[in-house]
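Here's a quick tour for anyone meeting this structure for the first time. Have a look at the sequence and the 3D view, then read on.

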Amino acid sequence: MASAAVVRASTAAGPSSRVVAARRPRGSIHRGASSSPRPGRRWTRPDGASSSATGAVMGDGWDARLADAFRDCPETRALVTCDLVALRPCELCPELRMWLLDDGDDVLALWERTEAFAAASSGGGLCPPYWAVPWVGGQGVARYILDNPEVVRGRSVLDVGSGCGVAALAAAKAGAARVCANDIDPLAAVAFLANADACGLSNGPCELETSHEDLLRVPISRTRAYDVVMAGDVCFAKGLAEAFQSWLSTVAEDDGHDRVGAGGGRTVLLGDPARQTRWAPTAGWAVGVERAAAYEVVTAATSALTEGAASRTTTVWRVDRPVV
């Protein structure tokens, strides 16, 4: 695999152009070193009904009551598509229209509304609505998949830390047979399903699933049904960066992967914009890892996507484990 060249992308003109994003007002969300780890998950069917009522391993701050409060239903659909978000494409993937904050606008209002919605179950203290922002790392994985559909075509795909689901949606659009969007925040599953509807993917040939189980806390065997395991923008805090790189490396080397989809073997993808070079992925973080691509988002001013920098470049790392 050749070394990756940086590609600049645009919401209007596709992957060969440069994008300039709008300015972000004060109070917007960011994923800096002080960001807190996001909470836990449980396997669910696309209609929101639980496929495992007990035994789910959930992340810090989450429990069954919150999972039930944030299940897929008309009320939660209304929340993730409310007046604080807009149906629009993200910077690197003009093909995908999703319900997103306008570059971080109104994030505090959306956070407060989310907490008010679940007040009876949570007592407050929920994590920010990361599912309403198309983080650059996930966008990079999505762009790579859309430009290289053979990576997922006919295969089963697990997107961990899916958020708004941009990479999972890209996999479905690119021809994956089955896609599971996994995020420890149960509302992320609702956002993913709403975005799948907006992209016209809900009734397509790809089987869509959601999960809010904390997969880093369960046996690695839980991933063996998937040919492609991917994550985007999960290394935004030191502990998470170390945990995810170790976990993805283990997934890539897992000899127990017994499913052979189209193309055979197991592929692991990680998109990361290296917000903190001290713990960002570097060459050799996994056996056989290579830089597959790089994508840049350029902003006019401070934005939720670039977090104080004039631009943010995300690298897509790839590991392939062939069938032995």
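**Arginine 291 and the overall picture**

Arginine 291 counts as partly exposed, at 42% relative accessibility; here buried means under 20% relative accessible area, exposed means over 50%, and partly exposed is in between (1.4 Å probe, protein chains only). Keep in mind that this is a predicted model, where local features need pLDDT of at least 70, side-chain atom pairs count only at pLDDT 80 or more, and totals for chains, interfaces and linings use all residues. Residues are numbered from 1 along each chain as its sequence is written, and side-chain values use heavy atoms, with hydrogens and water left out.

**The chain as a whole**

- You'll find eight helices and 12 strands in the chain; helices (H or I, at least four residues) and strands (E, at least two) are DSSP runs, numbered from the N terminus.
- Of the 324 residues in the chain, 58% are buried.
- Take the contacts (heavy atoms within 4.5 Å) between residues at least 6 apart in sequence: 73% of them join residues at least 24 apart.

**Back to arginine 291**

- Arginine 291 sits in strand β11, which covers residues 290-299.
- Glycine 271 is 20 residues away from arginine 291 along the chain, and their C-alpha atoms are separated by 9.9 Å.

- Helix α5 (residues 136-147) has 12 residues, and its end C-alpha atoms are 16 Å apart, which agrees with the 16 Å it should span at 1.5 Å a residue; the expected span is 1.5 Å times one less than the number of residues.
- Because 11 of its 12 residues are buried, α5 is largely enclosed by the rest of the structure.
- Among the buried residues of α5 are Val136, Gln139, Arg143, Tyr144 and Leu146.
- Helix α8 runs over residues 238-253, 16 residues in total, and reaches 23 Å from its first C-alpha to its last, close to the expected 22 Å.
- The buried residues of α8 include Leu240, Phe244, Trp247, Leu248 and Val251.
- Those buried residues pack against four strands: β6 (156-160), β9 (228-232), β10 (266-272) and β12 (311-321).
- As a rule, an α-helix has 3.6 residues a turn, so residues three or four places apart point the same way.

- Most residues other than glycine have a negative phi.
- Aspartate 233 isn't a glycine, yet it has a positive phi of about 60°. It lies in the loop between β9 and α8 and is buried, at 0% relative accessibility.
- Alanine 274 also has a positive phi, of about 50°, without being a glycine. Its place is the loop between β10 and β11, and it is partly exposed, with a relative accessible area of 32%.

**Cysteines**

- How many disulfides does the structure hold? The count is zero, with a disulfide taken as a pair of cysteine sulfur atoms within 2.5 Å.
- Cysteine 180 is buried, with a relative accessible area of 0%.
- Cysteine 235 is buried too, at 5% relative accessibility.

**Cavities**

- There are two cavities of 30 Å³ or more; a cavity is a set of points on a 1 Å grid over the protein atoms alone where a 1.4 Å probe fits but cannot get out, and lining residues have an atom within 4 Å of a point.
- The second largest cavity holds about 30 Å³ of space.
- Its lining includes Trp62, Trp111, Cys127, Trp131 and Asp185.

Technical notes:
On a 1 Å grid over the protein atoms alone, a cavity is a set of points where a 1.4 Å probe fits but cannot get out, and a pocket is an open set with protein on both sides within 12 Å along at least five of seven lines; lining residues have an atom within 4 Å of a point. Grid points are joined across faces, edges and corners, and a volume is the space filled by probe spheres set on the points.
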